[in-house]
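We will walk through it together, step by step.

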Protein chains: 2
Amino acid sequence: MTKPLTGEPALIEALARIFGAAPPEVVLGIGDDCAALDLGGPDYLLWTVDTLVEGVHFDLGYTTLRQLGRKSLAVNLSDVAAMGGTPRYTLLSLGWPKGRDPAGALELAEGLAELGREYGVAVIGGDSVASGDGAAITITVLGTVPKGEMLRRAGARGGDRIFVTGPLGEAAAGLEVLKRRLTLEPALKEPLGQALLDPRPQLRAGRLLASQRLASAMIDLSDGVATDLYHVCRASGVGARLAGAAIPVSPQVRAVARILNQDPLDLALKGGEDYQLLFTSPPELAETLESAFRQAGLPAPLSLGVIIPGDSVLLQTPEGGRDISGAGFNHFRLDRGGGSV
Amino acid sequence: MTKPLTGEPALIEALARIFGAAPPEVVLGIGDDCAALDLGGPDYLLWTVDTLVEGVHFDLGYTTLRQLGRKSLAVNLSDVAAMGGTPRYTLLSLGWPKGRDPAGALELAEGLAELGREYGVAVIGGDSVASGDGAAITITVLGTVPKGEMLRRAGARGGDRIFVTGPLGEAAAGLEVLKRRLTLEPALKEPLGQALLDPRPQLRAGRLLASQRLASAMIDLSDGVATDLYHVCRASGVGARLAGAAIPVSPQVRAVARILNQDPLDLALKGGEDYQLLFTSPPELAETLESAFRQAGLPAPLSLGVIIPGDSVLLQTPEGGRDISGAGFNHFRLDRGGGSV
């Protein structure tokens, strides 16, 4: 489900109004990364669906079909990670253009199954329908999360620190490299390509944060920090202040920004598809948080800023502060489908 | 999930091979109308996903967006009906063309929610992504069925009688009327249009058959009897013989066939999208079956023929017998996406 009708809260509210009240066993409905159901037992059932459309979310000139199959599942697993959950099962519904070689559909399915095996997710069904000009890949995933552990967008409080699980802007920089055919040395180029074409859902980090109750709110980064942190702020009824100097920007993202003559912070905060987790955590848990990640062998979360009263996302730089609430690739669009490959 | 890669068993088998073995709690994986999961408790969880693509499965020149929203959900509910289950929850993932008025997306959502209310299904989430030239509507549904009651494609035995829950070929005839702008008196035209544009999933009949254990195998009719009965035959390891004289063809389907100078049996058996249930039932249950439907206030099931040894679907007419196994709109295509509106 990722970011429903991103940048258009009015539309998501209209949908919620149309769909009406959900029955009581629906713990979370529209407006989070997954829906959550209480069907009895110790766990909530998490449920998400996502569609990737050719020409909008991917371009077969950039990605192999195997990578595309992997990524189609990865972005859904990232939604489950954002709830602190464990993905279990998936179904594939593939729209495949009429004249196109069906062998390609199987290659895509192989990528999907491969990533599924890596993360313990069973692909238990799938079908293929004819599509128009381009392929459309729909994945739906079921997962579980122990009832007391589920994380959501709501829950951030004033004073909480804001973290991400990894560097920002790599996928956005990778897309620029491909689209503009930028020349970059392989050591810089390769991690960008991997971030864009083969993102890794942060499931271990998500489970760690949930099971040890280290986070107050969480979301996965599909539209960029400026937009996704704004979702957290809206859901939690708070504001956020980011410290420009603290934003984790890798040398390769800096290199691309230099070539494009662009502020690297724009790539890092407004670029989509990082598929890292963004979470908030009370300051008194700072040490526990660090040691928990260290003990789990996971990279230390990177601190970006702090939750403050208000309702917007502010970026503090030496030049002053500016409001970046919801700014991103997709801010003025109906959808979240901006910068994918 | 409907008919995966219809007409191409080799492809569905290739997918099953790629996806590999499912964990033991997956009661039914690829190759039935729904996947079924045993997550504890008295019921199986049923899960299906379907995508309707503009220009392939629907044409906005024929259908209103509200009808389309209704139908998008109806075809998924029909998959749950085919297992004898009760649909409970649904998520919508809507691909909407970039430049198109978002008000249309809301109209579609309204139709979806409306049908959901009629059948007690909660729409608990949804998102919208940009699509290319046309809209793409993906619906995923979760339902339940008591563990001892689930029906599947496998289970038909020699001697079982073959039934459908309603008349055949109406949607296919309706599509011909719209595509060819046929002139037909309203009393004949209206039921065809309704069958095509606003099909009703046969949930009550499905539950009745399952709860009273009146059927040995079941499938919903999305690709036409020739194809869907063939799926039952393949899954059950049997053949089928249909009696041409017994095929239920309504006056309006006959009228369209006459105008098209076509055999009405072709519309009835090879036309898609009836969304009636096709089931098999042992002959000794014939009376119980009839009285159960009567008591429930449902139209009596219509008998088409009988299950026989073999592996094909034979149609018996005064001119002789012919093999129609898998014949239908979509037999020579990758997909099931043939004749929709």
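The paragraphs below go from confidence in the model to the pairing of the chains, and then to a few individual side chains.

Please keep in mind that this is a predicted model. Its overall scores are ipTM 0.89 and pTM 0.91. For chain A the mean pLDDT is 90, and 93% of the residues reach 70 or more. Two stretches of that chain call for some care. Residues 1-7 of chain A stay under 50 in pLDDT, and the model gives them 50 contacts beyond four places in sequence. Residues 330-341 of chain A are also below 50, with 61 contacts in the model beyond near neighbours in sequence.

Now look at how the chains sit relative to one another. Rotating chain B by 180°, with 0.0 Å of shift along the axis, superposes it on chain A with an RMSD of 0.0 Å. The two copies are therefore related as by a two-fold rotation axis. Of the interface residues of chain B, 100% are interface residues in chain A as well, so the copies meet through the same surface.

What does that meeting involve? The contact draws 62 residues from chain B and 63 residues from chain A. The size of an interface is often given as the accessible area lost when the parts come together. Here the two chains bury about 5100 Å² between them, and 75% of this lies on carbon and sulfur atoms. On the chain B side, the residues that lose the most area to chain A are F19(B), W47(B) and I124(B), which together account for 14% of what that side buries.

Which kinds of interaction cross the interface? The rule finds zero salt bridges between chain B and chain A, while five residue pairs are in polar contact, with both partners at pLDDT 80 or more. Several elements of chain B supply at least two residues each to the side that touches chain A, including α1 (9-19), β3 (43-53), β4 (86-97), α3 (102-118) and β6 (136-146). The element that gives the most to this side is β5(B), with ten residues. By type, the residues on the side of chain B that touches chain A divide into 38 nonpolar, 14 polar and ten charged.

One to look up joins the side chains of E54(B) and R100(B), at 3.0 Å from N to O. This pair links distant parts of the chain, 46 residues apart: E54(B) lies in the loop between β3 and α2 (65-81) of chain B, and R100(B) lies in the loop between β4 and α3.

Finally, visit the glutamate in the other copy. E54(A) is placed in the loop between β3 (43-53) and α2 (65-81) of chain A. Its side chain reaches the backbone nitrogen of A135(A) at 2.7 Å. Apart from neighbours within four places in sequence, E54(A) is in contact with L60(A), R100(A), G134(A) and A135(A).

Key
Residues are numbered from 1 along each chain as its sequence is written. Chains are lettered from A and ligands numbered from 1 in the order in which they are written. Side-chain values use heavy atoms; hydrogens and water are left out. Contact means heavy atoms within 4.5 Å. Buried area is the accessible area (1.4 Å probe) that two parts lose on being put together, summed over both. A salt bridge is a side-chain nitrogen of Lys or Arg within 4 Å of a carboxyl oxygen of Asp or Glu. A polar contact is a pair of N or O atoms within 3.5 Å; within protein, one must be able to donate a hydrogen and the other to accept it, and residues adjacent in sequence count only if both atoms are side-chain atoms. Helices (H or I, at least four residues) and strands (E, at least two) are DSSP runs, numbered from the N terminus. Ala, Val, Leu, Ile, Met, Phe, Trp, Tyr, Cys and Pro count as nonpolar, Asp, Glu, Lys and Arg as charged, and the others, Gly among them, as polar. Copies are superposed by least squares on the C-alpha atoms of residues with pLDDT of at least 70 in both. pLDDT is the predictor's confidence in each residue, from 0 to 100.
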